[in-house]
Amino acid sequence: MSTILVASAVSGTANANDGLTFVFTSDPQFCGTSVDRIRSCQRWGRQDHFVDWQVAAINRITGYGWPRTWRTSFGAEGTFDTPRGIVLGGDLTESAGGFMGRDGGGGQWRLFTDRYEHGRQNAVRFPVYVGLGNHDLEIEPRDRRLPRDLYRDRMWNYVEQRHSGKNAPVAVEDFDPKSRSYSWNWDGVHLVQLHRFAGDTRHGLPSSLPWLRRNLERHAGDGRPVILFQHYGFESGNSIGSYSRSRSKWTRDHMNRFAEAINGYNVIGLFHGHDHWSQQPYQWRGYDVFSPGAAHFGQFAVVHIDS
(Lines give C-alpha, C1' and ligand atoms only; values in the text may rest on other atoms or scores of the structure.)
Protein backbone atom coordinates (compact mmCIF):
# COMPACT_ATOMS: atom_id res chain seq x y z
CA MET A 1 0.00 0.00 0.00
CA SER A 2 1.34 3.43 -0.93
CA THR A 3 1.07 6.52 1.26
CA ILE A 4 0.96 10.00 -0.24
CA LEU A 5 2.14 13.05 1.71
CA VAL A 6 1.74 16.59 0.41
CA ALA A 7 3.51 19.64 1.79
CA SER A 8 1.92 22.81 0.44
CA ALA A 9 4.03 25.93 0.33
CA VAL A 10 3.99 29.62 -0.37
CA SER A 11 7.42 29.74 -1.97
CA GLY A 12 9.03 26.99 -0.01
CA THR A 13 8.58 23.59 1.61
CA ALA A 14 9.27 20.07 0.41
CA ASN A 15 10.05 16.26 0.90
CA ALA A 16 11.09 12.94 2.73
CA ASN A 17 13.35 9.90 2.23
CA ASP A 18 12.81 6.59 0.37
CA GLY A 19 10.10 6.86 -2.23
CA LEU A 20 8.99 9.16 -5.01
CA THR A 21 9.07 12.96 -4.76
CA PHE A 22 7.76 15.52 -7.25
CA VAL A 23 6.38 19.07 -7.32
CA PHE A 24 2.88 20.06 -8.43
CA THR A 25 1.84 23.61 -9.25
CA SER A 26 -0.60 25.37 -11.55
CA ASP A 27 -1.78 28.75 -12.77
CA PRO A 28 1.41 30.76 -13.30
CA GLN A 29 -0.95 32.81 -15.49
CA PHE A 30 1.62 35.42 -16.44
CA CYS A 31 0.15 38.86 -17.16
CA GLY A 32 3.33 40.52 -18.43
CA THR A 33 3.21 44.22 -19.24
CA SER A 34 -0.48 43.77 -20.05
CA VAL A 35 -1.31 43.75 -16.35
CA ASP A 36 -2.84 47.23 -16.51
CA ARG A 37 -5.11 46.23 -19.39
CA ILE A 38 -6.34 42.87 -18.08
CA ARG A 39 -9.16 43.13 -15.58
CA SER A 40 -8.51 39.80 -13.84
CA CYS A 41 -4.82 40.62 -13.37
CA GLN A 42 -5.78 43.87 -11.66
CA ARG A 43 -8.57 42.34 -9.57
CA TRP A 44 -6.39 39.62 -8.06
CA GLY A 45 -3.31 41.78 -7.68
CA ARG A 46 -1.18 39.34 -9.61
CA GLN A 47 2.54 39.98 -9.64
CA ASP A 48 4.67 37.97 -12.04
CA HIS A 49 7.66 38.22 -9.69
CA PHE A 50 5.85 35.90 -7.24
CA VAL A 51 6.60 33.12 -9.74
CA ASP A 52 10.30 34.01 -9.51
CA TRP A 53 10.09 33.41 -5.76
CA GLN A 54 8.45 30.08 -6.43
CA VAL A 55 11.10 29.03 -8.96
CA ALA A 56 13.88 29.98 -6.53
CA ALA A 57 12.26 27.96 -3.74
CA ILE A 58 11.77 24.88 -5.93
CA ASN A 59 15.37 25.03 -7.11
CA ARG A 60 16.51 25.05 -3.47
CA ILE A 61 14.01 22.42 -2.37
CA THR A 62 16.52 19.95 -0.97
CA GLY A 63 17.58 22.56 1.56
CA TYR A 64 14.17 22.40 3.25
CA GLY A 65 12.58 19.73 5.42
CA TRP A 66 9.19 18.43 6.47
CA PRO A 67 7.21 20.65 8.86
CA ARG A 68 8.23 19.83 12.42
CA THR A 69 4.75 18.80 13.53
CA TRP A 70 4.56 16.24 10.73
CA ARG A 71 7.50 14.33 12.16
CA THR A 72 5.27 12.94 14.90
CA SER A 73 1.87 13.05 13.17
CA PHE A 74 2.93 11.33 9.95
CA GLY A 75 6.40 10.00 10.63
CA ALA A 76 7.89 12.30 7.98
CA GLU A 77 11.29 13.68 8.80
CA GLY A 78 14.51 14.86 7.22
CA THR A 79 15.03 17.08 4.22
CA PHE A 80 13.15 16.83 0.98
CA ASP A 81 14.51 14.50 -1.68
CA THR A 82 15.38 15.76 -5.14
CA PRO A 83 12.11 15.98 -7.15
CA ARG A 84 11.79 13.80 -10.22
CA GLY A 85 9.99 16.62 -11.99
CA ILE A 86 7.36 19.37 -11.86
CA VAL A 87 3.78 18.79 -13.02
CA LEU A 88 1.85 21.86 -14.22
CA GLY A 89 -1.93 21.93 -13.86
CA GLY A 90 -2.77 24.49 -16.55
CA ASP A 91 -3.23 28.21 -17.18
CA LEU A 92 0.35 28.86 -18.21
CA THR A 93 -0.39 32.49 -19.09
CA GLU A 94 -3.35 34.84 -18.77
CA SER A 95 -4.12 35.07 -22.50
CA ALA A 96 -3.35 31.84 -24.37
CA GLY A 97 0.35 32.55 -24.49
CA GLY A 98 -0.23 36.28 -24.86
CA PHE A 99 0.06 36.06 -28.64
CA MET A 100 -2.53 38.77 -29.20
CA GLY A 101 -1.92 42.49 -29.33
CA ARG A 102 0.78 44.75 -30.72
CA ASP A 103 3.19 43.97 -27.87
CA GLY A 104 2.67 40.21 -28.08
CA GLY A 105 0.53 40.15 -24.96
CA GLY A 106 3.11 41.85 -22.81
CA GLY A 107 5.70 39.11 -23.14
CA GLN A 108 3.57 36.48 -21.39
CA TRP A 109 4.92 33.53 -23.36
CA ARG A 110 8.54 34.58 -22.89
CA LEU A 111 7.95 34.90 -19.15
CA PHE A 112 6.60 31.35 -19.06
CA THR A 113 9.27 29.63 -21.13
CA ASP A 114 12.10 31.50 -19.40
CA ARG A 115 10.98 30.07 -16.05
CA TYR A 116 9.48 26.66 -16.81
CA GLU A 117 11.73 25.18 -19.49
CA HIS A 118 14.41 23.49 -17.45
CA GLY A 119 17.89 24.07 -18.80
CA ARG A 120 17.43 27.80 -19.30
CA GLN A 121 19.54 30.08 -17.14
CA ASN A 122 16.86 31.31 -14.73
CA ALA A 123 14.43 28.42 -15.04
CA VAL A 124 13.47 25.54 -12.80
CA ARG A 125 16.11 22.82 -12.58
CA PHE A 126 13.70 19.89 -13.03
CA PRO A 127 11.74 18.56 -16.03
CA VAL A 128 8.30 20.13 -16.41
CA TYR A 129 5.21 18.13 -17.44
CA VAL A 130 2.88 20.66 -19.06
CA GLY A 131 -0.90 20.73 -18.73
CA LEU A 132 -3.30 23.26 -20.25
CA GLY A 133 -6.27 25.05 -18.68
CA ASN A 134 -9.11 27.33 -19.69
CA HIS A 135 -6.90 30.42 -20.10
CA ASP A 136 -4.76 28.42 -22.53
CA LEU A 137 -7.70 27.15 -24.57
CA GLU A 138 -10.52 29.72 -24.50
CA ILE A 139 -8.83 32.83 -25.92
CA GLU A 140 -9.51 33.55 -29.60
CA PRO A 141 -8.16 36.20 -31.99
CA ARG A 142 -10.13 39.43 -32.04
CA ASP A 143 -9.33 39.77 -35.72
CA ARG A 144 -11.93 37.48 -37.31
CA ARG A 145 -9.80 37.19 -40.43
CA LEU A 146 -7.57 34.87 -38.38
CA PRO A 147 -8.49 31.24 -37.64
CA ARG A 148 -10.47 30.93 -34.40
CA ASP A 149 -8.26 28.05 -33.26
CA LEU A 150 -5.00 29.92 -33.88
CA TYR A 151 -4.00 30.38 -30.23
CA ARG A 152 -5.36 27.00 -29.14
CA ASP A 153 -3.36 25.29 -31.86
CA ARG A 154 -0.20 27.07 -30.74
CA MET A 155 -0.72 25.87 -27.17
CA TRP A 156 -1.41 22.29 -28.23
CA ASN A 157 1.61 22.39 -30.54
CA TYR A 158 3.74 23.35 -27.54
CA VAL A 159 2.48 20.32 -25.58
CA GLU A 160 3.36 18.11 -28.54
CA GLN A 161 6.80 19.66 -28.92
CA ARG A 162 7.60 19.14 -25.24
CA HIS A 163 6.26 15.62 -24.77
CA SER A 164 5.45 13.73 -27.98
CA GLY A 165 8.03 11.27 -29.29
CA LYS A 166 11.08 9.60 -27.81
CA ASN A 167 13.30 12.59 -28.64
CA ALA A 168 11.04 15.17 -27.00
CA PRO A 169 12.69 17.43 -24.38
CA VAL A 170 10.55 15.77 -21.69
CA ALA A 171 9.63 12.45 -23.24
CA VAL A 172 6.70 10.43 -21.86
CA GLU A 173 5.67 6.82 -22.27
CA ASP A 174 2.17 7.15 -23.73
CA PHE A 175 1.08 10.27 -25.65
CA ASP A 176 -2.40 10.47 -27.18
CA PRO A 177 -2.07 12.43 -30.45
CA LYS A 178 -5.81 13.19 -30.45
CA SER A 179 -6.51 14.60 -26.99
CA ARG A 180 -2.82 15.33 -26.20
CA SER A 181 -3.27 13.67 -22.82
CA TYR A 182 -0.25 11.64 -21.80
CA SER A 183 1.18 9.41 -19.10
CA TRP A 184 4.48 8.29 -17.66
CA ASN A 185 5.78 6.10 -14.85
CA TRP A 186 8.05 7.00 -11.96
CA ASP A 187 9.33 4.25 -9.66
CA GLY A 188 6.25 2.07 -10.05
CA VAL A 189 3.77 4.96 -9.88
CA HIS A 190 1.62 5.74 -12.94
CA LEU A 191 0.97 9.44 -13.61
CA VAL A 192 -1.53 10.88 -16.11
CA GLN A 193 -1.90 14.45 -17.44
CA LEU A 194 -5.47 15.23 -18.60
CA HIS A 195 -5.22 19.01 -19.24
CA ARG A 196 -8.43 21.06 -18.69
CA PHE A 197 -10.48 18.01 -17.63
CA ALA A 198 -10.91 14.36 -18.46
CA GLY A 199 -13.26 13.98 -21.41
CA ASP A 200 -13.04 17.60 -22.62
CA THR A 201 -14.48 17.91 -26.15
CA ARG A 202 -14.83 21.69 -26.46
CA HIS A 203 -13.66 23.26 -29.74
CA GLY A 204 -13.65 19.88 -31.47
CA LEU A 205 -11.10 18.24 -29.17
CA PRO A 206 -11.47 14.43 -29.16
CA SER A 207 -12.33 13.09 -25.71
CA SER A 208 -9.45 11.66 -23.71
CA LEU A 209 -11.64 9.02 -22.01
CA PRO A 210 -11.26 6.22 -24.61
CA TRP A 211 -7.49 6.69 -24.44
CA LEU A 212 -7.58 6.87 -20.63
CA ARG A 213 -9.44 3.56 -20.36
CA ARG A 214 -6.91 1.81 -22.59
CA ASN A 215 -4.03 3.53 -20.83
CA LEU A 216 -5.07 2.45 -17.34
CA GLU A 217 -5.80 -1.09 -18.46
CA ARG A 218 -2.36 -1.35 -20.02
CA HIS A 219 -0.25 0.52 -17.48
CA ALA A 220 -2.12 0.22 -14.17
CA GLY A 221 -3.91 -3.10 -14.41
CA ASP A 222 -1.30 -4.60 -12.09
CA GLY A 223 -2.56 -2.52 -9.16
CA ARG A 224 0.21 0.06 -9.13
CA PRO A 225 -0.60 3.49 -7.65
CA VAL A 226 -2.12 6.02 -10.06
CA ILE A 227 -2.11 9.82 -9.85
CA LEU A 228 -4.13 11.99 -12.25
CA PHE A 229 -3.73 15.70 -12.99
CA GLN A 230 -6.13 18.17 -14.57
CA HIS A 231 -6.97 21.85 -14.37
CA TYR A 232 -10.55 21.87 -13.11
CA GLY A 233 -11.46 20.86 -9.58
CA PHE A 234 -14.04 18.45 -8.21
CA GLU A 235 -16.26 20.49 -5.90
CA SER A 236 -16.09 24.18 -6.80
CA GLY A 237 -18.79 25.90 -8.84
CA ASN A 238 -15.90 27.79 -10.41
CA SER A 239 -15.00 24.52 -12.18
CA ILE A 240 -18.29 22.67 -12.52
CA GLY A 241 -21.07 23.71 -14.89
CA SER A 242 -24.72 23.23 -13.97
CA TYR A 243 -25.91 22.03 -17.37
CA SER A 244 -24.58 20.06 -20.34
CA ARG A 245 -23.69 23.13 -22.43
CA SER A 246 -21.92 25.06 -19.68
CA ARG A 247 -19.28 27.12 -21.44
CA SER A 248 -15.82 25.59 -21.01
CA LYS A 249 -16.58 24.01 -17.61
CA TRP A 250 -17.01 20.33 -16.96
CA THR A 251 -20.36 18.97 -15.83
CA ARG A 252 -21.74 16.22 -13.57
CA ASP A 253 -22.09 14.03 -16.65
CA HIS A 254 -18.41 14.53 -17.47
CA MET A 255 -17.53 13.71 -13.87
CA ASN A 256 -19.62 10.53 -13.89
CA ARG A 257 -17.91 9.29 -17.05
CA PHE A 258 -14.50 10.06 -15.56
CA ALA A 259 -15.39 8.20 -12.36
CA GLU A 260 -16.41 5.18 -14.42
CA ALA A 261 -13.12 5.25 -16.33
CA ILE A 262 -10.94 5.19 -13.20
CA ASN A 263 -13.11 2.83 -11.17
CA GLY A 264 -11.26 -0.28 -10.00
CA TYR A 265 -7.77 1.19 -10.29
CA ASN A 266 -5.49 2.11 -7.39
CA VAL A 267 -5.96 5.87 -7.69
CA ILE A 268 -4.17 7.45 -4.72
CA GLY A 269 -4.48 11.11 -5.69
CA LEU A 270 -6.21 13.63 -7.95
CA PHE A 271 -4.46 16.99 -8.37
CA HIS A 272 -5.96 20.15 -9.86
CA GLY A 273 -5.51 23.91 -10.17
CA HIS A 274 -7.89 26.65 -11.34
CA ASP A 275 -9.22 27.79 -7.94
CA HIS A 276 -6.00 29.75 -7.16
CA TRP A 277 -6.18 29.43 -3.38
CA SER A 278 -4.44 26.72 -1.36
CA GLN A 279 -7.03 24.25 -0.10
CA GLN A 280 -7.04 21.53 2.50
CA PRO A 281 -7.07 18.09 0.88
CA TYR A 282 -10.62 16.88 0.32
CA GLN A 283 -12.37 13.79 -1.00
CA TRP A 284 -14.39 13.24 -4.15
CA ARG A 285 -16.20 9.92 -4.46
CA GLY A 286 -13.69 8.30 -2.14
CA TYR A 287 -10.57 9.70 -3.87
CA ASP A 288 -8.13 12.08 -2.19
CA VAL A 289 -7.96 15.45 -3.97
CA PHE A 290 -5.20 18.06 -3.68
CA SER A 291 -5.17 21.70 -4.82
CA PRO A 292 -2.14 23.61 -3.47
CA GLY A 293 -2.87 27.02 -5.00
CA ALA A 294 -1.55 29.22 -7.78
CA ALA A 295 2.00 29.74 -8.94
CA HIS A 296 1.25 33.42 -9.49
CA PHE A 297 0.86 33.66 -5.70
CA GLY A 298 4.11 31.70 -5.20
CA GLN A 299 2.29 28.52 -4.16
CA PHE A 300 3.17 24.91 -4.92
CA ALA A 301 3.12 21.46 -3.34
CA VAL A 302 5.88 18.96 -2.76
CA VAL A 303 4.50 15.45 -3.04
CA HIS A 304 6.10 12.35 -1.53
CA ILE A 305 4.88 8.80 -2.05
CA ASP A 306 6.29 6.11 0.21
CA SER A 307 7.66 3.10 -1.58
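This is a predicted model: local features need pLDDT of at least 70, side-chain atom pairs count only at pLDDT 80 or more; totals for chains, interfaces and linings use all residues.

Trainee: At what angle do helix 7 and helix 8 cross?
Mentor: The axes of helix 7 (residues 209–219) and helix 8 (residues 252–262) cross at roughly 20 degrees and come within 9 Å. Helices here are DSSP runs of H or I with at least four residues, strands are E runs of at least two, and both are numbered from the N terminus. Axes are lines fitted to C-alpha atoms, for helices over the stretch in contact, and angles run from 0 to 180 degrees between N-to-C directions.

Trainee: And which residues of helix 7 make the contact?
Mentor: Leu 209, Leu 212, Arg 213 and Leu 216 do, where contact means heavy atoms within 4.5 Å. On helix 8, the residues are Arg 257, Phe 258, Ala 261 and Ile 262.

Trainee: New topic: is Glu 117 buried or exposed?
Mentor: Glu 117 is buried, at a relative accessible area of 11% (buried means under 20%, exposed over 50%, partly exposed in between, with a 1.4 Å probe and protein chains only). Glu 117 sits in the loop between helix 4 (108–116) and strand 4 (128–129).

Trainee: What about Gly 85, buried or exposed?
Mentor: Gly 85 is buried, with a relative accessible area of 0%. Its C-alpha atom is separated by 5.9 Å from that of Val 128, 43 residues apart along the chain.

Terms used: Residues are numbered from 1 along each chain as its sequence is written. Side-chain values use heavy atoms; hydrogens and water are left out.
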